[in-house]
Structure formats: structure tokens, C-alpha cells
Amino acid sequence: MRPRLATAALMALLALLAGGCVGVPQGGRVLRGNAGGAEQPVDDPYVRIIPVGPERDWAPISIVEGFRTASSSFDGPNGDHQVARSYLACPSCWRPGVAAIVYDKLDPPTYEQNGPTQATVTLQGSQLGRIGADGQYIADAVDFKEIFHLRRDAQRQWRITEPLPPEGLLLSRDDVTRAFRTLDLYFFAPDSQTLVPNPVFIPLVSRSWLPTQLVKQLISGPTTWLKSALVRSAFPAGTGLRRLQISGGVATVDLTRQARAGDLRGMSIQLIWTLRQLREVQRMQLKIDGKPVQVPGISGRLQSIHDWDAYNPNGSGEPQQAYVRLVDGRLGRLDNDRAQSVPLKVQVGHPAISYDHRQVASLNAAANTVTVTDLVGGAVRATMRATSKGGRFTPPSWDSRGNVWVVESTASGSRLWIIEGGTRPVAVDGWALVQYPAKALRVSRDGTRAAVIVKADNRWQVQLGRVDRAPSGGLQAEGFISISSELQSAIDLAWSTTDHLAVIGMTNGNPSPSLFDVPVSGAPIQPMIGPGGEMTTVTASPGSPLLVTQRVSPGDKTLNVCRLSDRYDDWKCVNGTSDPAYPG
């Protein structure tokens, strides 16, 4: 008879400890993404299991199940899984860190005994994604199988000899929701004036451990995925954290002596923006090797979390001018829920406005020609036609450097183009998604990341890539990863904030096109209330209302641009307009 699994009851004991939680994709309703640098309180209650070790004479399946449950607790002073180690034949041989397989469903375990002292237990199920050793989440919906080898010790107790994966954890989405927080590390874009968020999953071990781990990860640099992008850190190589103490709203950050060679201002900006996500931090004092330092531009030794507001990665947060395509095909401005034409006679399809409001890039009706036109005067700066038979361009996207990005697609693949300075088309070498058709590409405001919708595995997927220097010296987009296993297909997307996307798409639970808030971190996607009807395009900008193109009924050629009111959570539509655009 199988021993009664005491862990099922004991591990259900819950403790309300300090902290918050975030998870991999699941449900909920929100209207806006979380802006970069927003408060994320550490002292919200969260549910934590109290793990227990193996009982005497437990069978191999019970040992593996107990180990798997205990390893999700991050117990011990440094979250080093002290209880889970008691299930192992060699407790010191297992150093998992935060690397993990995140699963959605787990099949009943299977068991095979190989003689009186050897056994294997197999766990298999549906994987949602993986958390890397640096906290980077990558969605990867595949089936997985993990085999645990066990042996009987001298006391005739079963212990695990090879927990797999040996360097990681096996966690359910509920485990991640309970035990982790998703927070941003901040680094500089190439212009050194814009911050780039680098979301990471960090286990919530204790109140003091989370801020310390957050700063340690910031000092160590971007995650492996973002490191190759055009981002930089102000912390000199070899810099470490001597101590972090938070008291009375003041975070005292004491760095090792290597920090003396760094830019005090740059390090302060990165630290403030990373720590201000924690509600208990209102000010910061920077020390190096135990001694307070004076940061240029700051009066006194204490820095407020608002001292570096000018570096807000979402920009000023002021509402941006919205543009639309009018019923006659010309460009219009959207003001007070009314569309007014601009003095530009050219036809514009899917217009994209440069950040300085001086140029518009647009498509023709067949989507096989991109034209860049001056908004004042109407002079054509560039015209680019598809080079492949049947080639169609994605709607154009501007970066902050004044370049236009488009993907030329056919049924069998795609090619990336950049119109440098809005005047010179250049084919990008090394386009990583060459074998996949694409329907949308949007470059982030900071110019370091690109979100795309590509057709892979017979569905339109959202992927995130990084912008880097190409071998030719120009720019390229590479390193594309999936950020959500829950989105089954996507129609259009836009950057709503520096670390969130607004996506029109479908999920398994909702096959009709709906509006979703999609964090690029891999945290839960959240459904948003749309304007109704058939949604075809979406655009967004931090601090500005969400805009959606709506077809009231299937087959109806009439299109409306609908604006979301943040104050009343309702939508107002403007008849005879389409293809809304904010700068970018």
C-alpha cells in the first residue's frame, strides 16, 4: 500500500508574509499596462508554503512529489531550498538558482524500480516557458519529460540522486505566481538619456532579500538576452554591493571600491529607477567603500526618487497628438473626438509619424510601396517598392533615431528594411525571421527592442527581438523570443509603455479577437475591454488614450477609430476614420 502523502496536507499550510507576486500568463482585467518605475509594494500579502521534509519509508513517487513541492518554497535565509535538499542523496550537489521549467499541466507520475535499491520516477506535462538563470522568461509551449533517479540509502530510505534539470527547478504557473516578483532593471539606451527596462523574475525570499537581490542583479548587468542589444550600464566592471539597508524610507546603497571609476550620476539614475519600484524606498544615499559620496547635480547626500524624473523611460507622459487616415485617404489629426485634415494632399495608408512630427511614412493601397513624406510642404523624401513578387510591407514604424522600419513579406518568408534617416532604404543583413511571413513590426521608443507578429507553426505569434549593430555597421533586429504562451494568434500590436504591449489577438479561452495588455516580461497577459465590433489595428503611447480601428459589423466597409477614455473606462468612436497613429 502506498504511504499516505503527509506533504499534501502539511504543504498546504499557508503563511502570510511580506511581499507581492506576479505570475506567468493567466486571467484578469486591466485597462493600462504598468508604467516603468511605478510603485510595486513589497508589503502586500502573499501566499507562501511551509515545506516539510520526507517522512520515513516514503515510496519513490512520494519522494519526488515532496521534493518538487518543497523546491518551490525558496526557504532558508538565502532562498537555497534547505528542505528540498533533504530529499537528495547529495544535498550540496544541487544549486538550482532561479532557472526553472514553468509548466501548465502535469500528468500523473510513472514509476519503475530497477532492483531493490534503484528506481526512476518520470514526470511529464505541458510546458509554458522557461526562466533562465538570470531571471529572463522565455515562453516555449512544448511537452516536456523529466526523469528522476533514486536509490535506497543505508537506512533503506529512498533519496533522489539526479534531480532533473540538475541546474533548475520544475515549477507550476501557480508556484511562480506565489513565489516570484517581476521587476525591472534599468540600463541606458545609446543616447544615454533614455532608460531601457530589463524585466527579471526574482523569488521573494524575504523583505530584505528582494531589494538586495534586485540591486545585485542591476550591478551585474543586463540579462543574457538584452546584453547584446544597444544598452549600457554605468557600473564599472567588478563593482559589487557591500550592503543595502532600507530604513525610514531611505535606501543606503554601499558599493565596493571599484565603483569609484564609474559615473556617479549614471549609477544613481539606474539605482533610483530600479529601487523606486519598491514602495518603501523614497530616497537613496549612495556610498562607496563605506563612505558617502556627493553625486553631481544633487543638493546634499540624499537623492529623492523624483530627482531623475527626466529620465522616465516612458517619456514625459504628456498626451501625444493622434493622427488618423480619413475616409478620402488623406491624413488627419484627431482632436477632441473629431478628425481634422492636415494640409497634405497625398494618400496615406497605415501612416506612421516621426517623433519630431515632421514626416509621415505610409503604405499605398496594395501595401507594396512605402513612401516617406514631409508633413510641411508635402515633399517626398523616399519611395521604396517591394523587391519580391507578391511582396507586401508591414505598416511602417519609426525609431527615435529618425529611421523607418518595415518588413517585406511573402507567403514563404520576409525581409527587414530600414529607411535610414527617412531617405535611404537599406536591406538588413542577418534578419533572424527570414523564413516567416510577418504582419506587424513596432520598434520600442528607446530604439533597443522590436516587437513583431510572425507566422510560425501555422499561427500568428508575438515575438520580441533586440536591436543591435549589424556586421555591416548598420542596425539589425535579432534574438527573437516568445513572451506569451497564452496568445494563440495576433492581429496587431503597439507599445503602450516601455515594457507593455497592447495586442489584438486570440487565446484558447477566447477565440474571438480581443484586446490584451501583454507585458514583455512574460508576466500574465490581461484582457482589456474593447470598443466592440471587429478590431483591426491598435496604437498606443504612454500617457495617451489607447486607439483602435473598429469595423462595426463583419463585411461592413465602414471603419471607425475609437479612443479609450481613461477617466470613464469607455470608448468614443469617430466615424469614417481608420489606421490611428501616435509618433513612432
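Analyst: C573 is partly exposed, at 36% relative accessible area; here buried means under 20% relative accessible area, exposed over 50%, and partly exposed in between, with a 1.4 Å probe and protein chains only. This is a predicted model, in which local features need pLDDT of at least 70 and side-chain atom pairs count only at pLDDT 80 or more, while totals for chains, interfaces and linings use all residues. Residues are numbered from 1 along each chain as its sequence is written, and side-chain values use heavy atoms, with hydrogens and water left out.

User: Ok. Which residue does C573 pair with in a disulfide?

Analyst: C573 is joined to C562, with an S to S distance of 2.1 Å. The cut-off for a disulfide is a pair of cysteine sulfur atoms within 2.5 Å. C562 sits in strand β38 (residues 559–565) and C573 in strand β39 (residues 570–575), so the bond ties together parts eleven residues apart in sequence. Strands are DSSP runs of E with at least two residues, helices are runs of H or I with at least four, and both are numbered from the N terminus.

User: And C562, buried or exposed?

Analyst: Buried, with a relative accessible area of 0%.

User: What's the torsion about the S-S bond of C562 and C573?

Analyst: About 100°, so that disulfide is right-handed.

User: How many disulfides does the structure hold?

Analyst: Two. C90 and C93 form a disulfide as well, S to S 1.9 Å. That link is right-handed, with 65° about the S-S bond. C90 is partly exposed at 30%, whereas C93 counts as exposed at 59%. Counting the bonded cysteines in sequence order, the pairing is 1-2, 3-4.

User: Switching to charges. How many salt bridges are there?

Analyst: There are 14, where a salt bridge is a side-chain nitrogen of Lys or Arg within 4 Å of a carboxyl oxygen of Asp or Glu. One of them joins D254 and R242, at 2.4 Å from N to O. D254 is in strand β12 (residues 250–255) and R242 in strand β11 (residues 241–247), twelve residues apart.

User: How covered is D254?

Analyst: D254 is buried at 7% relative accessible area.

User: Give me another couple of pairs.

Analyst: R424 and E420 meet at 2.5 Å, N to O; R424 is partly exposed at 49%, and so is E420 at 27%. E534 and R551 also form a salt bridge, with their closest N and O atoms 3.5 Å apart. E534 lies in strand β36 (residues 534–539) and R551 in strand β37 (residues 547–551), so this pair ties together parts 17 residues apart in sequence. E534 is partly exposed, at 32% relative accessibility.

User: Which residues do shared partners join into one network?

Analyst: R242, D254, R260 and D289.

User: Now the helix. How many residues does α7 have?

Analyst: Twelve, residues 264–275. Helix α7 spans 16 Å from first C-alpha to last, close to the 16 Å expected at 1.5 Å a residue; the expected span is 1.5 Å times one less than the number of residues.

User: How many of those residues are buried?

Analyst: Ten of the twelve in α7, among them M267, I269, L271 and W273.

User: What covers them?

Analyst: The cover of α7 includes β9 (180–188), β10 (195–203), α5 (209–220) and β12, with contact meaning heavy atoms within 4.5 Å.
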